[in-house]
Amino acid sequence: MSAPPVPDSAATRPQDVLDTAIGTARAGGRLDLVDRLSAARSLLRAPSVTVQVAGGAPQGRTDMVTALLRAVPGSPGITLTQAGVAGPDEAADIVMFVADSAQILTTAELDQLRALHHRCPAVVFVLTGIDRHPHWRDVFEADLDLLGSAGVPAAPFAVSVALHTEAVATARPALATASGIPALAERLRDLAGQTELSAARAVAQEVLGAVGELEDPGTAPPGPVARRPRATEPAPAAPDRGRWQQVLSDGFAAVSSDVDFDLRTRVRLTVAEAERVVDENDPATSWDAVEAWLRERLDYEGRRTRALLTARTAEVASALAADLGGAPLRPVHPPEVPDLFDHLPPREPPTGRRRPLAARGRSLVMSGYGGLMMALVLPRFAGIDLPVWIVVGGALLAAVLMGGAALSGERKRQLDARRARAKALVRHCADGFLLGAGKYTRDTIRAAQQQLRDECAARTAERQRALPPARSGRPTRPPTTAQAELAALRRRALTLLTRPAL
């Protein structure tokens, strides 16, 4: 009995390739391969990323899940679950830890995060309630420092569920973006999009292993099929060609964590330096120079981030080349940093607004009148009889002093208001820069990872093609037909393995 030959131009859907491989193995009398390939069908059953929401109050987790479901309506491949304190038996591809911006992480929360990271390396840290607490940035930075000290690498996000709910109700896309929920949902969609590709490549590896055993019947029967790969893990591969996927995954996880931490640290130092300059000068006269310096400095930090990305991706490429052997991999060239301030809305400069002339005049008159009355009334209460010219002179002097004090206090109040406004603009500019720079780094890392993954897969496929076909010791079909079918099946599996990400 012979399986019907499949043309080279046949569709390379994972299900079609797997069905053809099962038919070929059954026709060759290899029931052990039929069982193994049949078990591999589970890799193609609705691949989904399970996101477990942990930490925080139960109501806060429920609100977060609701907001994410609104942000990713009907998106396939994402399953959101809740957990109180995640136990060791609860399986998840990604753990999203929710913390409130009212206070920094406690010791108990850090212990829970360590346990979660030990069970699931992909951890997303989400700080909520940024609309209720003005000092959430300080809490966010302190939490990131604690996570770094605890050895828990996590993708950080600061969000506001309330702002996103209001934005959805009032149809305000800008407010929705400011809430941080769309950025978090985009990250989850990216991870979900990798699942189908990982499952297809896992099937291709299984088929290639089966083809190799059909060409060499002396190969020992393999173990049971691996479980469905997660979005954050490399697809199962044969021992001689699967290690590069682990090197790629671990390398870019470290690149993402290091680049994000370095960028936030340098932006934080820039903001501190800008605020010091604001405290030492009057923004009414120096704000234009401060704003120009701030934008130039942040542009410089963006270029430094690109240089760091280039260096770190080169390190990952070198590690992959050393693992695969052969010539060095094609270098990764990150794109130029775009204008990261283009999306920021214009803001009024902190020049301050002078009070109306009538209000300022009334304040001076009231202050002067108070000084005048003090000079006239106090001598009478003390029972001192002074000449008229002394009383009048003292009254005028007191009026001048009181008016001058009121004028000086008004000027100081206006200066403090201008400085507070300038600091708010500095933080607004830095937050907008971080939002754009974060998207740039994530897109660049994703593109670099895809380039290196495709090149490594292509190099592995070339080596597979270069392997001479093994001759069967006891063929059950004509050798030419069997070899042609196996060669066609190998080509389809290699095509599936090297298929680029969508």
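Modeller: Let's begin with burial: buried means under 20% relative accessible area, exposed over 50%, and partly exposed in between, using a 1.4 Å probe and protein chains only. Take His164, which is buried with a relative accessible area of 4%. Keep in mind that this is a predicted model, where local features need pLDDT of at least 70, side-chain atom pairs count only at pLDDT 80 or more, and totals for chains, interfaces and linings use all residues. Residues are numbered from 1 along each chain as its sequence is written, and side-chain values use heavy atoms, with hydrogens and water left out.

Biologist: Where in the fold is His164 found, and which residues does His164 touch?

Modeller: Helices (H or I, at least four residues) and strands (E, at least two) are DSSP runs, numbered from the N terminus. On that scheme, His164 belongs to helix α6, residues 161-170. Contact means heavy atoms within 4.5 Å. Leaving out residues up to four places away in sequence, His164 touches Ala67, Arg70, Ala71, Ala176, Ser179, Ile181 and Pro182.

Biologist: Now zoom out for me. How many helices and strands does the protein have, and what share of its residues is buried?

Modeller: The count is 13 helices and five strands. Of the 502 residues, 41% count as buried. If you take contacts between residues at least 6 apart in sequence, 83% of them join residues at least 24 apart.

Biologist: Helix pairs next. At what angle do α9 and α10 cross?

Modeller: Axes are lines fitted to C-alpha atoms, for helices over the stretch in contact, and angles run from 0 to 180 degrees between N-to-C directions. The axes of α9 (residues 243-280) and α10 (residues 283-324) come within 9 Å and cross at roughly 165 degrees. Under 35 degrees counts as roughly parallel, over 145 as roughly antiparallel, 65 to 115 as roughly perpendicular, and the rest as oblique. So α9 and α10 are roughly antiparallel.

Biologist: Is the crossing of α9 and α10 left-handed or right-handed?

Modeller: A crossing is left-handed if the near helix is turned anticlockwise from the far one by less than a right angle, and right-handed if clockwise. For α9 and α10 it's right-handed. By class, their contact has 23 nonpolar, four polar and 10 charged residues. For those classes, Ala, Val, Leu, Ile, Met, Phe, Trp, Tyr, Cys and Pro count as nonpolar, Asp, Glu, Lys and Arg as charged, and the others, Gly among them, as polar.

Biologist: How do α4 and α5 pack?

Modeller: Helix α4 (residues 107-119) and α5 have axes 11 Å apart, at an angle of about 50 degrees. That pair is therefore oblique, and the crossing is right-handed. Leu110, Leu113 and Arg114 of α4 make the contact with Leu146, Leu147 and Ala150 of α5. Sorted by class, that's five nonpolar, no polar and one charged.

Biologist: And what is the crossing of α5 with α9 like?

Modeller: Their axes come within 12 Å and cross at roughly 140 degrees. That makes α5 oblique to α9, and this crossing is left-handed. Phe140, Glu141, Leu144 and Asp145 in α5 meet Phe261, Arg264 and Arg268 in α9. The class count is three nonpolar, no polar and four charged residues.

Biologist: Staying with α5, is Gly148 buried or exposed?

Modeller: Gly148, in α5 (residues 136-150), is exposed, with a relative accessible area of 56%. Its C-alpha atom is 9.1 Å from that of Phe261, 113 residues apart along the chain. Arg137 is also found in α5, and Arg137 is partly exposed at 24%. Not counting residues up to four places away in sequence, Arg137 touches Arg427 and Asp431.

Biologist: One backbone question: what is phi of Ala171?

Modeller: Most residues other than glycine have a negative phi. Ala171 has a phi near 55 degrees, a positive value in a residue other than glycine. You'll find Ala171 in the loop between α6 and α7 (173-179), where it is exposed at 62% relative accessible area.
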